[in-house]
Amino acid sequence: MPSFDTVLEPNLVEVKNAIDQSNKEIATRFDFKGSDARIEQKDKELTLFADNDLQLGNVTDILIGKMAKRGVDIRFLDREAKPEKMSHDKLKQKVLVKAGIEADVAKKISKAIKDSKMKVQASIQGDTVRVTGAKRDDLQAAMALIKKEISDYPLSFNNFRD
């Protein structure tokens, strides 16, 4: 039976390259001269460091620009954490790289497919949503529906089987 998986997974190699390029630019820019501005990565958690709010905004802008150039969708970044004060009025901000479909998003995908009355079934399997159907055309229509309905997440499709 034909099927595909709907996933939310960033290209972590390109994320790492964007962080490296951002740190190089921060090190050479005049407005960061003598500051402690940088970006650190631990798995899927980024930490942005800066001396003040303006510099933190600039570090964020540089990171977003480099990620866009590397082809990484910025919707993977979860920047909802508030900046934290450190010693000597320095700031740090945690940014999470989203990976894996959350349960509520998976339910939205499943509900959208059921409400469309298409001849496909969606099943939630951990952090992916598997969609199965009898015809390939139905699966392609389901992909288009998912992309249209869930536009605030950079979903991708893999494991397409005939």
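A: **A helix pair and its surroundings**

Helix H3 and helix H4 are oblique to each other (under 35 degrees is roughly parallel, over 145 roughly antiparallel, 65 to 115 roughly perpendicular, and the rest oblique). This is a predicted model, in which local features need pLDDT of at least 70 and side-chain atom pairs count only at pLDDT 80 or more, while totals for chains, interfaces and linings use all residues. Residues are numbered from 1 along each chain as its sequence is written, and side-chain values use heavy atoms, with hydrogens and water left out.

H3 spans residues 103-115 and H4 spans residues 136-149 (helices are DSSP runs of H or I with at least four residues, strands are runs of E with at least two, and both are numbered from the N terminus). The two axes come within 10 Å and cross at roughly 125° (axes are lines fitted to C-alpha atoms, for helices over the stretch in contact, and angles run from 0 to 180 degrees between N-to-C directions).

Which residues of H3 and H4 meet? H3 brings Ile 109, Ala 112 and Ile 113. H4 brings Leu 145, Ile 146 and Glu 149. Contact means heavy atoms within 4.5 Å. By class, the contact of H3 with H4 has five nonpolar residues, no polar ones and one charged (Ala, Val, Leu, Ile, Met, Phe, Trp, Tyr, Cys and Pro are nonpolar; Asp, Glu, Lys and Arg are charged; the others, Gly among them, are polar).

Now look at what H3 lies on. H3 lies across strands S1, S7 and S8, and runs at about 170° to S7. These strands belong to an open sheet of four, ordered S7-S8-S1-S9, with antiparallel pairing (a pair needs at least two DSSP bridges). S7 (120-125) and S9 (156-161) stand at the edges with a single partner strand each, so one side of each has no neighbour in the sheet. On average, neighbouring strands here are turned by 25° against each other, direction ignored.

S1 (residues 3-7) and S9 are joined antiparallel by four bridges. Within that pair, Ser 3 stands opposite Arg 161 in S9.

Thr 128 lies in strand S8. Is Thr 128 buried or exposed? Its relative accessibility is 17%, so Thr 128 counts as buried (under 20% is buried, over 50% exposed, in between partly exposed, with a 1.4 Å probe and protein chains only). Leaving out residues up to four places away in sequence, Thr 128 touches Thr 6, Val 7, Ile 101 and Ser 123.

Compare another threonine. Thr 28 sits in helix H1. Thr 28 is exposed, at 62% relative accessible area.

H1 (residues 12-28) packs against H2 (residues 53-69) at about 135°, with axes 9 Å apart. That makes H1 oblique to H2. The H1 side of the contact includes Val 15, Ala 18 and Ile 19, and the H2 side includes Val 59, Ile 62 and Leu 63. The contact of H1 with H2 holds eight nonpolar, two polar and two charged residues.

Last, a hairpin. S2 (residues 38-42) and S3 (residues 45-50) run antiparallel, joined by five bridges. Two residues lie between S2 and S3, and Asp 43 in the turn has a positive phi of about 55°. Gln 41 stands opposite Leu 46 in S3.
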